[in-house]
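Hi there,

Here is the structure I promised to pass on. Have a look at it first, and my notes follow below.

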Amino acid sequence: MNVFVTGHQGYIGAHLVDLLKKAGHRVTGCDLGLFDGCQWEPLTRPDKELIKDVRALELADVAGHDCVMHLAAISNDPMGELDQNITFSINRDASIRLAKLAKQAGVGRYLFSGSCSVYGAGKKLDLAEEDPLAPLTAYAKSKIETEVEVSKLADKSFTPVYLRNSTAYGHSPMLRIDLVVNNLLGSALSYGEIRIQSDGTPWRPLIHCKDIARAFVAFMDAPKEKVHNLAVNVGGNSENYQVKDVADNVKRLIPTAKVAFTGEVGADPRNYRVKFDLLNQVLPNFKLEYTLAKGMDELHRKMVDHKFSKADFEGPQFVRLRTLKTRMDRLSTTGTVA
Ligand SMILES: NC(=O)c1ccc[n+]([C@@H]2O[C@H](COP(=O)([O-])OP(=O)(O)OC[C@H]3O[C@@H](n4cnc5c(N)ncnc54)[C@H](O)[C@@H]3O)[C@@H](O)[C@H]2O)c1
């Protein structure tokens, strides 16, 4: 198949291009290269690469593809707060516009990279897709507002699907340590301290970044009638963890590390445990390749091999917010949404 992947140079996109190429698909990647120079390991190149703002995409860019996988975004809560207008213009307006372009170009499937953060301050645990949403940030709002608008485009020739992904962790050639699991492992290796910013009690559904990429491929391959216009939580029922469980796993790998509660974020209002029954129902053959323990073993080995250091932990290479702060000009001047 001909697949159009946006955000292909990102933490998840790096795995996705590799998986698609290994499965024999032809891949066009579109990425603005916001994190150029941050690669940890070499990235698999797509067949065609557009170094371009998704807000400036045109019909001709998208035409001729069978599926759009849309991952490009200002991709977490703190980055989304740097400039909310930019966040909404990229994450929501450009995502809706890209869906319209895809439909107009006759692309049959549009897979949107959403997030379980739309559940925000969950009023109850074990949230399913139909439960009330409580987005707390511009990032989470942009994801849900996109779902609402793109769903209006669904028809017999256009199938959008909204992957509400769990919080990612684990090894990627484009490593990030601004995610809770990777961050705690990185702090233990760098300082001998597992620095927990909350009180350790918030629940999070966790998923290996490669399993998110595998889910995209599975949703592309799924029969249309199974997935048409569905929002689906992506993760595993047994992969909901409290932050203190993650700390226990770090201790298992680095027994000398001490647990420190820094209290930086006080009582974290983002608390959600999520159900994945719908995913199991619509994609019965899709199984996660990783548990948290397996993914942490792998990342720990990789960090040791790469001699992950205090300088790595404190520098901009693996923390998107630090890099983006110095590159915001690339976003305010490029592309306007029609
Ligand atoms: N990592 C997670 O925990 C997680 C969880 C749920 C959902 N998601 C979503 O999955 C997607 C990918 O996440 P990620 O962790 O790989 O993010 P990432 O930040 O590592 O990658 C995003 C990529 O998009 C590109 N990009 C950003 N704005 C762009 C623009 N205007 N035009 C073109 N390219 C642009 C960046 O250069 C980057 O390479 C995002 O939509 C994110 O919101 C991620």
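Let me start with a pair of helices: α9 and α11 cross in a right-handed sense. Please keep in mind throughout that this is a predicted model. Two packed helices are described by the angle between their axes and the distance between the axes. For helix α9, which covers residues 243-253, and α11, the angle is about 45° and the axes are 10 Å apart.

Which residues make the contact between them? On the α9 side they are V246, N249, V250, R252 and L253, and α11 brings L292, A293, M296, D297 and H300. Sorted by class, six residues of this contact are nonpolar, two are polar and two are charged.

Most residues other than glycine have a negative phi. N229, however, has a positive phi near 60°, and K307 has a positive one as well, near 55°. N229 belongs to the loop that runs between α8 (224-227) and β10 (231-234). K307 sits in the loop between α11 (292-305) and α12 (310-314). Are these two residues buried or exposed? N229 is partly exposed, because its relative accessible area of 26% falls between the cut-offs of 20% and 50%. K307, with a relative accessible area of 67%, is exposed.

I also looked at two buried residues with polar side chains in contact. R55 lies in the loop between β3 (48-51) and α2 (59-62). Its relative accessibility is 5%, so R55 counts as buried. The side chain of R55 is joined to that of D53 by a polar contact of 2.7 Å.

S95 is part of helix α4, residues 84-104, and is buried, with a relative accessible area of 1%. Along the chain, S95 and K143 are 48 residues apart, yet 9.2 Å separates their C-alpha atoms.

Happy to talk any of this through.

Best wishes

Technical notes. Residues are numbered from 1 along each chain as its sequence is written. This is a predicted model: local features need pLDDT of at least 70, side-chain atom pairs count only at pLDDT 80 or more; totals for chains, interfaces and linings use all residues. Side-chain values use heavy atoms; hydrogens and water are left out. Helices (H or I, at least four residues) and strands (E, at least two) are DSSP runs, numbered from the N terminus. Buried means under 20% relative accessible area, exposed over 50%, partly exposed in between (1.4 Å probe, protein chains only). Axes are lines fitted to C-alpha atoms, for helices over the stretch in contact, and angles run from 0 to 180 degrees between N-to-C directions. A crossing is left-handed if the near helix is turned anticlockwise from the far one by less than a right angle, and right-handed if clockwise. Contact means heavy atoms within 4.5 Å. Ala, Val, Leu, Ile, Met, Phe, Trp, Tyr, Cys and Pro count as nonpolar, Asp, Glu, Lys and Arg as charged, and the others, Gly among them, as polar. A polar contact is a pair of N or O atoms within 3.5 Å; within protein, one must be able to donate a hydrogen and the other to accept it, and residues adjacent in sequence count only if both atoms are side-chain atoms.
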